[in-house]
Amino acid sequence: MSTATDTAPRGGRLPRQIAYIIGNEGCERFSFYGMRNILTPFLITTLLLYLPEGQRTLAAKDVFHTFVIGVYFFPLLGGWLADRFFGKYNTVLWMSLVYCLGHACLAIFEHNRLGFFTGLGLIALGAGGIKPLVASFMGDQFDRSNKHLAKMVFDAFYWIINFGSFFASLLMPLFLHHFGAAVAFGIPGGLMFIATVVFWLGRRQYVMLPPTPPDPNAFSRVLRTALLTHRPGQARPGLWIAVAGVLVALGGFSLIGSLGFVIIACLALVALIGGVGGGAWLQMERARGLHPDAAVDGARNVLRVLVIFALTTPFFSLFDQKASTWVVQGHEMTMPSWFHSAQMQALNPMLVMLLIPFNNLVLYPLLRRLGYEPTALRRMTAGIAFSGLAWIVVGGLQVVIDGGDPLSIVWQVLPYALLTFGEVLVSATGLEFAYSQAPASMKGVVMSFWNLTTTIGNLWVLLANAAVRNETVTGSIASTGLSVTAFQMFFFAAFALLAALAFGLYARRYREVDNYRSG
């Protein structure tokens, strides 16, 4: 083990230990996407066969999106453990072992629901726990002498993620079809074990920063001061809004019997963040004098960014359904006997690897020459809108399928292209934008909230699925002449387009700040 002071790389050379981190990420992403992209078809065709045929698709989608909710919620736990107790290296290593155990459960308990769902829970904990740490741990390996190489390495990092995802999406459906679930889930487990070993092999070369002590001017402390500080003669409306948010969050748990724990817990989280954040915003000036102005302004900026994040959640509700709803639709389309509908997901990482350089080298410079600056917020607005267009196309395809006309799965290339273009504009832009708006001491908070956008996005999917189990709702849908599936597709398209409109209107009034470090 080494510290930042005694082994920080010198002379402007690429740190040798970066190879271990990149290799770990490639194997880990293959393992994650390998199991994730075959999860829905496996559930429908094997694990959920005990259900009536008409219920299996909705049940499989519920399981899939609940799993994704967990993956993007547990970064809160991983980041907290790393920052306060164990450091990034130890947290990544131990969470990776939990991750491996989860994969083992999937391979062993292919016909046992309790064992299989336990495995999904362990993978959500392990994958989510390391999610906010690996990239930042890689950043820790650089200092001022070689920071100019960091961008190249982060580009390679993002490329290897999509490289692993591409081959996993292409190959794992074939293994599931030809060799069964034990092999199809066992191979990603083996790749995750290799990822863990590769990460461990670099232990003597890593720069390991110690956990940080509690910050008296942290985001949560500034909010608490703003809410609780009493000034004579002044009411505390923000405090009452925060209390109302807490009470709504707690009261919501009385509905667990009808909506389930996961939906209620996510709604409670939304109420808590909205109540506490909104209340603190109203009283933020009361924190001045008790905290530095930079901390107060930074907390206010984070709250403004949270509105941006909230408006992106509809995008993630659409994006993650390519591995559930779109796979189910593809299964109803015509395709070669050697092809499986889940393999269409390989289009996404392939297009990402093509679109990022195309946008940066061709599209954005062209727009600038035409006098239109593609700012981060404009790109994100367009990205949300493109996701809505993708779902209009998918809905149109579903109408044709429901009419009984055979339709080739090749038609799904168009919505995949539109959705991936939206992903590049939203996902590749959003975190960079958020980091620029938050001061250095609060960038970790921003990362945590960015991961929660995917959690809340998948919450909207669970709520939509719960709604179509209601006979009154399905009766109303039937009166439109559309199937439930087609209606949901057009509903999500409208949801995204309205979100894009709201996002664009909010973005026009948003004043950006620049909190990049000076050097």
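**View 1**
Arg29 is buried, with a relative accessibility of 5%; here buried means under 20% relative accessible area, exposed means over 50%, and partly exposed lies in between, with a 1.4 Å probe and protein chains only. This is a predicted model, in which local features need pLDDT of at least 70 and side-chain atom pairs count only at pLDDT 80 or more, while totals for chains, interfaces and linings use all residues. Residues are numbered from 1 along each chain as its sequence is written, and side-chain values use heavy atoms, with hydrogens and water left out. Glu25 is buried too, at 6% relative accessible area. Arg29 and Glu25 form a salt bridge whose closest N and O atoms are 4.0 Å apart; the term stands for a side-chain nitrogen of Lys or Arg within 4 Å of a carboxyl oxygen of Asp or Glu. Both residues belong to helix H1 (residues 18–47), where they sit 4 residues apart, about one turn of the helix. Helices (H or I, at least four residues) and strands (E, at least two) are DSSP runs, numbered from the N terminus. An α-helix has 3.6 residues a turn, so residues three or four places apart point the same way.

**View 2. A salt bridge between distant parts of the chain.**
Arg36 and Asp320 join their side chains in a salt bridge, at 2.9 Å from N to O. The pair links parts of the chain 284 residues apart: Arg36 is in helix H1, and Asp320 is in the loop between helix H12 (293–319) and helix H13 (325–331). Are these two partners buried or exposed? Arg36 is buried, with a relative accessible area of 4%, and Asp320 is buried at 3%. In the structure there are 10 salt bridges.

**View 3. A network of charged residues.**
Five residues are the ones to look for here: Glu285, Arg288, Asp293, Asp297 and Arg300 are linked in a network of salt bridges. Within it, Arg288 pairs with Asp297, and their closest N and O atoms are 2.5 Å apart. Arg288 is partly exposed, with 25% relative accessible area; Asp297 is also partly exposed, at 34%. Side chains of opposite charge can pair when their charged atoms come close.

**View 4. One side of helix H7.**
Helix H7 (residues 181–201) has 21 residues and spans 30 Å from its first C-alpha to its last, close to the 30 Å expected at 1.5 Å a residue; the expected span is 1.5 Å times one less than the number of residues. Its buried residues are Ala181, Ala184, Phe185, Pro188, Gly189, Met192, Ala195, Thr196 and Phe199. They cover an arc of only 130 degrees around the axis and therefore lie on the same side of H7. The arc is taken from the directions that run from the helix axis to the C-beta atoms.

**View 5. The largest nonpolar core.**
This core has 72 residues, of which Phe219, Met284, Ile308, Phe309, Ile384, Trp391 and Phe503 touch the most other members. H12 gives the most to the core, with 14 residues. A nonpolar core is a set of buried Ala, Val, Leu, Ile, Met, Phe, Trp, Tyr and Cys residues joined through side-chain atoms within 4.5 Å. What does Ile308 contact, leaving aside its neighbours within four places in sequence? Its partners are Leu377, Met380, Phe433, Phe503, Tyr506 and Tyr510, where contact means heavy atoms within 4.5 Å. Another core, of 62 residues, lies apart from the largest one and includes Cys27, Phe32, Ile130 and Phe142.

**View 6. Gln283 in a loop.**
Gln283 lies in the loop between helix H11 (261–282) and H12, and it is buried, with a relative accessible area of 3%. Its side chain reaches two backbone nitrogens, that of Gly238 at 2.9 Å and that of Leu239 at 3.2 Å. Not counting residues up to four places away in sequence, Gln283 touches Ala226, Leu227, Arg236, Pro237, Gly238 and Leu239.

**View 7. Gly245 in helix H9.**
Gly245 belongs to helix H9 (residues 237–251) and is buried, at 7% relative accessibility. Beyond its neighbours within four places in sequence, Gly245 is in contact with Ala271, Leu272 and Gly275.

**View 8. Pro214 in a loop.**
The loop between H7 and helix H8 (219–228) holds Pro214, which is partly exposed, at 46% relative accessibility. Pro214 touches Arg84 and Arg221, not counting residues up to four places away in sequence.

Conventions: A polar contact is a pair of N or O atoms within 3.5 Å; within protein, one must be able to donate a hydrogen and the other to accept it, and residues adjacent in sequence count only if both atoms are side-chain atoms.
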